[in-house]
Amino acid sequence: MEFLQDSIPMVSLAAAAAALYARMSSSLLRPGLPRLVALLPLFPFLVVAPLAFSSSAIIRATAAFFLAWLCAFKLALLAAGRGPLDPSLPVLTFLFTALLPVKLRRARGGSEAAVSSKATKPVLSLVSCAVKVAITAVILRIYQFNSRLHLYARLALYGIHIYCFLDLFFPCIAAAAGALGMETEPQFDRPYLASSLREFWGRRWNLMVSAILRPSVYDPVRARAGNPAGVLATFLVSGLMHEGLVYYLSLRRPSGGMTAFFLLHGVCCVAEAWCARRWAARGWPSPPRAVATLLVVLFVAATSFWLFFPPLCKDGVEEKLLEEWAAVAAFLDAGKRITLYGQRSI
């Protein structure tokens, strides 16, 4: 792996070659064991490739999310003959779908395909983008005084930062896909407006993960053991994959906090569905949406402070991440100064 060391272009080329091999072998082999055997050599590569980025925890974890999690699950589904990947997709569409967190919007005929760029709706909302950029810039400034902040204030900032970063980064990828004539589905849908945990996880937060876990984990388990088991299995797998991301961030053995966080939310989603059915059966009115939304936000925040963030704030992970974000802020400041100097020179 030395030739890939800290080289985004080299890792990208190697990943693209792996995806092209997956497309070619899948086009020649039927779904099932033959296709799975052909794709098996790719899984160790997807797990190891993110480790090539030894100097950046953020890039390493992002690559792990793209390759070791999403791409690996997509290839497993491809081996079974299920979407979102299909060997009949055009090469560029297959590469985008395999290697990036995008899900192509279904055409009217029911198949996922590229559409003309003229029919592609705008992906980025300029107002929303500007607000998130401004919030991120403010947070990066506040990080300079991080040691003076109360623990819960720091954790709240981290949560807002994660959401703003992801909801800027993913639409940028979708915009690139749109420029190439592919229409994609949104990754987030204002999760702060969710009025239930099921709505938060299933229809508003990181929808690419939901779209992958549903056919790969939830549907098979639900068919055999029922809906509650499917929900719990899905949250368990999500927790385990987040433990993996913690490892890629820290390069240390995970503590299990992420698994506990997602299992807790899985249990609460099952309990919430049971209570909702009993509540409706008795004819009781639903609580006001504003109240339900506030309760969801408070529950997610409280459990995140308790279980989600502690693994990210020990073993030097917090300091490493803050150092990298400080470097990002310094780079942006330098670019801004260069731009202003150029404008004055003109």
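Axes, as used in these legends, are lines fitted to C-alpha atoms, for helices over the stretch in contact, and the angles between N-to-C directions run from 0 to 180 degrees. The structure is a predicted model, in which local features need pLDDT of at least 70 and side-chain atom pairs count only at pLDDT 80 or more, whereas totals for chains, interfaces and linings use all residues. Residues are numbered from 1 along each chain as its sequence is written, and side-chain values use heavy atoms, with hydrogens and water left out.

**View 1. The crossing of helices α8 and α9.** The axes of helix α8 (residues 197–204) and helix α9 (residues 207–225) cross at roughly 90° and come within 7 Å; helices here are DSSP runs of H or I with at least four residues, strands are runs of E with at least two, and both are numbered from the N terminus. Helix α8 is therefore roughly perpendicular to α9, a term for angles of 65 to 115 degrees, while angles under 35 count as roughly parallel, over 145 as roughly antiparallel and the rest as oblique. From α8, W201, G202, R203 and R204 meet L207, S210 and R214 of α9, where contact means heavy atoms within 4.5 Å. By class, this contact of α8 with α9 has two nonpolar, two polar and three charged residues; Ala, Val, Leu, Ile, Met, Phe, Trp, Tyr, Cys and Pro count as nonpolar, Asp, Glu, Lys and Arg as charged, and the others, Gly among them, as polar.

**View 2. The crossing of helices α4 and α7.** Helix α4 (residues 57–79) and helix α7 (residues 151–179) have axes that come within 14 Å and cross at roughly 55°, and the two helices are therefore oblique to each other. On the α4 side T62, F65 and F66 take part, and these residues meet F169, F170 and I173 in α7. The contact of α4 with α7 divides into five nonpolar residues, one polar residue and no charged residues.

**View 3. The aromatic pair of F165 and W325.** F165 and W325 form an edge-to-face pair, with 5.4 Å from centre to centre and 80° between the planes; rings of Phe, Tyr and Trp (its six-membered ring) pair if their centres lie within 6.5 Å, and planes under 30 degrees apart count as stacked, over 60 as edge-to-face and the rest as tilted. Because F165 lies in helix α7 and W325 in helix α13 (residues 317–345), the pair ties together parts that are 160 residues apart in sequence. F165 is partly exposed at 26% relative accessibility, whereas W325, at 16%, counts as buried; buried means under 20% relative accessible area, exposed over 50%, and partly exposed in between (1.4 Å probe, protein chains only).

**View 4. The surroundings of L157.** L157 lies in helix α7 and is buried, with a relative accessible area of 14%. Leaving aside residues up to four places away in sequence, L157 touches I139, I142, Y143 and L149.

**View 5. Two loop residues with positive phi.** R190, in the loop between α7 and α8, has a phi near 45°, a positive value in a residue other than glycine, and is partly exposed at 44% relative accessibility. L251, in the loop between α10 (227–250) and α11 (257–281), has a positive phi of about 60° although this residue is not a glycine, and is partly exposed with a relative accessible area of 42%.
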